[in-house]
Amino acid sequence: MPLRRGFQDHFDWPLFVTTAAISVVGVINLYSASSAAGGALRDLYIQQIYWLMLGAGAAVLVAAVDYRHFERYGWVAYGIGITLLVLVFLLAREIRGSQRWIPIGSFSLQPSELMKLFFIVALAKHLHNDPRTEGRTLKDLIIPGLILVFPLMLILAQPDLGTALILVFVFATIMVLTHLKLRSLVTLVVSLAASAPMAWAYLLKDYQRERVTSFLDPEKDILDSGWHAYQAKVAIGSGGLTGKGFLQGTQNQHKFLPDQHSDFPFPVWAEEHGFIGAVVLIMLYLVLVLWGLKIASEAKDRFGAVVAVGVSALIFWQAVINLGMVCGLLPVVGITLPLFSYGGSSVLTIMAGIGLLMNISMRRFHF
Amino acid sequence: MNLLSVRREVGEFKKRYKWMALFVIVTMTIIMGRLFQLQILQNDRWMVEAEKNITKVVRLPATRGIIRDHKGRVVAQNRPSYNVYVTPSLLGDEQLSAIGELLSLDADQKQRFVRRMENVPARRRSHFVLAFNDITRDQYAAIETHRRELPGVNVVATPVRAYPFKTLGAHTIGFLNEVSADDLKRLTGLGYGAGHSVGRSGIERAWESYLRGKDGELRVVVDVQGQELDGSPHRVAQRAVREEPVPGLDLRLTLDMDMMRAAERAFRGHPSGGVAVVDIKTGRVRALYSKPGYDLNEMGGGLSPMRAKEILENPFRPLIDKTTYETYFPGSTFKPISAIAALQDGIMTSSVEYKCPGYYELGKRRFRCSHVHGDVDMRDAITQSCNVYFYKLAEQVGIDRLALYAREFGLGQKTGVGINTEASGFVPTRDWYAKNHNNRYHLGFTLNTAIGQGDTRVTLIQLAMMYAAIASGGALYVPQLVERVEQADGVTVEEFPPRVRRHINVDPAHIALIKEGLLGVVNDREGTAYDARVQGGVMVAGKTGTAEVSKHKLNPRDDPRREWYYRRAHSWFAGFAPADNPELAIAVIVEHGGQGGKYAAPIATQVLQDALGGGDPNKNKPLLISKKP
């Protein structure tokens, strides 16, 4: 049986090991983060294990089917994603001023997470069918742009700035992969730069603008919008070289870190395991992303290459923005750390993405 | 699709991977660099911040030392004040109104309290905030019984100062109040913080470092809401650390509150003035009384603006310490100095007589005497306070010799009493007049100086010390207010023996003559204070003075109807008793009282009688007009 042989011969161990390592470390860290919270949040780490197992199952499924089948159903996946995003507005309850989750039984699904993958697949399908040898012009960006715009608008309307931002970054990364003519590139960059102030004035909400200004001048208002960022820095900085020890982080245990499970799990880790622990974790992400790029470079077709770059970019940008934000290099936006933060939809998405990488990796010998 | 064509299709992407990988590596390196900066380079700073986050420090105030008088009666002590502290982050609307209910606040107070709690800035919300000061025992009991329902409320008993004698000796004992922002700048490094009290005047201020003690503190480990977390589930929190406060040291004063009380009693009917009583053999101050005073218990804070205004605008200036800070012309109380100056340098003998026609002419000016004294010698001149005699004496003695002896007896210099702001007074010299009067010195200055007018200024305590020196035959002491420093258990830590400032070299015969004159003042029929003597009581010697007030400038704020009062002379008496074996020296001033013999002298004789003779000697004798049964 070709599939079995493929699994045995071509199983991508480095991809598996890094993914597993990040997941395990993430669960351990969630245990510490949730132990401080108490109450209902106490068992969060157990739920995360369930999600990881579910995600692993999804990854196996995704890896088992030859990815070229996904190419065929790219538009269908995209359609499903858009439909779910529309459903959000019909079904979701408002939580903290935004609608993001569709309740399913006792769980809730976050379609914007799944959309990230569907979006990558759709974009890959488009580029797969649009090979070029000469440079691309702006005209060639119209269809990819449209593929981006629909989910982007729906996500911004929730509003979920973080996910929208990731979508844009992933899109940009994939487009960097293609060969754009220099003149078109310059026009694009200039017009984007020109529209930035407009976006600042009309697109961002007040609280989002406040986060940016408080990032630029953190001392101004340590106690309100700058509070999260500041306490994260205190947690990381006080960790020192080797950290305060597992479950010994005072910032975490005494609840000075807001959203320890979702947006700020890294400070918990860095506080308790210090610089060494933090570097080990970052190295894992670095290896994972570089490995993803290697898979992309070895992919035998355009679809596989674009999907691999897209998934790597997804992991990379989420990690970089989350890490940059918690250590005060970037303003605070709600972006989770892949596989490390708690979140069912997010774990499922990333795991499925890893499944795609595995799929592409294993099938590079096949044709 | 053959193998080759697939390869070519992917070729468009090929050269980008390298750059992407490089970008990823660089970005991750930047983040690791940032972590290095935070965790390794700035580690110390963030450790401190993290520690600060979880520690809440509660001050354990030290008990301030107790002040007792010479006989061991408490003049300043501590009583608990129950203060309500709240942690606003733990209080909902319900709790706020519950607190209002328990403290039985009226609607207005309740509203003000709620508004105050709303206005607490976010960063203070998880800390203790002082909500109410000095609640009553009933209010305290009400809160205590509902403690469980009010997790964010703490009642802390803080010692506050209590002064059992209230206004008596207010200037000397002094008071405390809360440090201001300016004080904190001045007192940096001494452990003062917002909300602490510091001695403001009198002994409380001057002996602050002895009385204060050292605050302790309680460090509790808290979470982000300020909730105490002693022994968190994962041993993150160290146990609460408690550093016990060190109580302040007690003071034993030289003051005798009985004598203070006597001074207060004797001052009835006079609105303004002061009394200083000094032990002649030691220089220890037995009474230092300035009228009017203020209740020390209301000065510790919480003085209503109305009451403060009342004190500030009182025409008799309650805030001025009339014993050490205010200076006056000594008037005739200066005459013994003039006499000693003349005798000591052999310029005159005591037996020389001058005729007093009631005035003295110098050029075109006429210097007045109180009345026609006829022929007087030095003793008579002192007893009857004849100005003409001293004018003639001054002509021969000269102003600089007067100044020399005045300074010998401690005038023109601070006595070193060591509390409040002591004035040094002033003793003019020929040079000074030359400099300050257009280089036109004339003899009139000397004549005025000899009778204590002119430009000489003294404080009450200086005069008391001077008369003590006369009484003791020349020993000028440093006035002493604190006898010893004790621990709370009564063990003496430090004792302060009497300190002689200098021995004035005066011939005992001259002193004897002066004393004889001073005795005559009170006990001769001719003496200016004869009416003030206590019949059958302690023999008092001393000198009256009627210090004319030079051209009182009416303060525009003052009522013009009070002008007659401000124009009236200050009434003086300074002396000692018992005359034959002096123990106590006294100086009394009744501001704008009038003649010394009439107003100040009776106060002095009464105080001395109370102190030395055990009260009124005629108390049990029948009145002259008594009906026989």
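**Close-up views of a predicted model**

**View 1. Helix α13(A) crosses helix α14(A) in a left-handed way (near helix turned anticlockwise from the far one by less than a right angle).** The model is predicted: local features need pLDDT of at least 70, side-chain atom pairs need 80 or more, and totals for chains, interfaces and linings use all residues. Residues count from 1 along each chain as its sequence is written, while chains are lettered from A and ligands numbered from 1 in the order written. In chain A, α13 covers residues 265-298 and α14 covers residues 302-326 (helices: DSSP H or I runs, at least four residues, numbered from the N terminus). Their axes lie 9 Å apart, at an angle of about 160 degrees. The two helices are therefore roughly antiparallel (over 145 degrees). On α13(A), the contact includes A:F266, A:Y285, A:L288 and A:G292 (C-beta atoms within 7 Å). On α14(A), it includes A:V309, A:S312, A:F316 and A:N322. This contact has 17 nonpolar residues, 3 polar and no charged.

**View 2. Helices α13(B) and α15(B) make a left-handed crossing.** Here α13 of chain B spans residues 335-344, and α15 of chain B spans residues 387-397. Their axes come within 10 Å and cross at roughly 45 degrees. They are therefore oblique to each other. From α13(B), B:K335, B:S338, B:A341 and B:A342 take part. They meet B:F390, B:L393, B:A394, B:Q396 and B:V397 of α15(B). By class, the contact holds 6 nonpolar, 2 polar and 1 charged residues.

**View 3. Strands β18(B) and β19(B) form a hairpin.** Strand β18 (residues 482-486) and strand β19 (residues 492-495) of chain B run antiparallel, joined by 3 bridges (strands: DSSP E runs, at least two residues; pairing: at least two bridges). B:E486 stands opposite B:T492 of β19(B). Between the strands lie 5 residues. In this hairpin, B:G490 has a positive phi near 95 degrees.

How values were computed: Axes fitted to C-alpha atoms, helices over the stretch in contact; angles between N-to-C directions. Parallel < 35°, antiparallel > 145°, perpendicular 65-115°, else oblique. Contact = placed C-beta atoms within 7 Å. Nonpolar A, V, L, I, M, F, W, Y, C, P; charged D, E, K, R; others polar.
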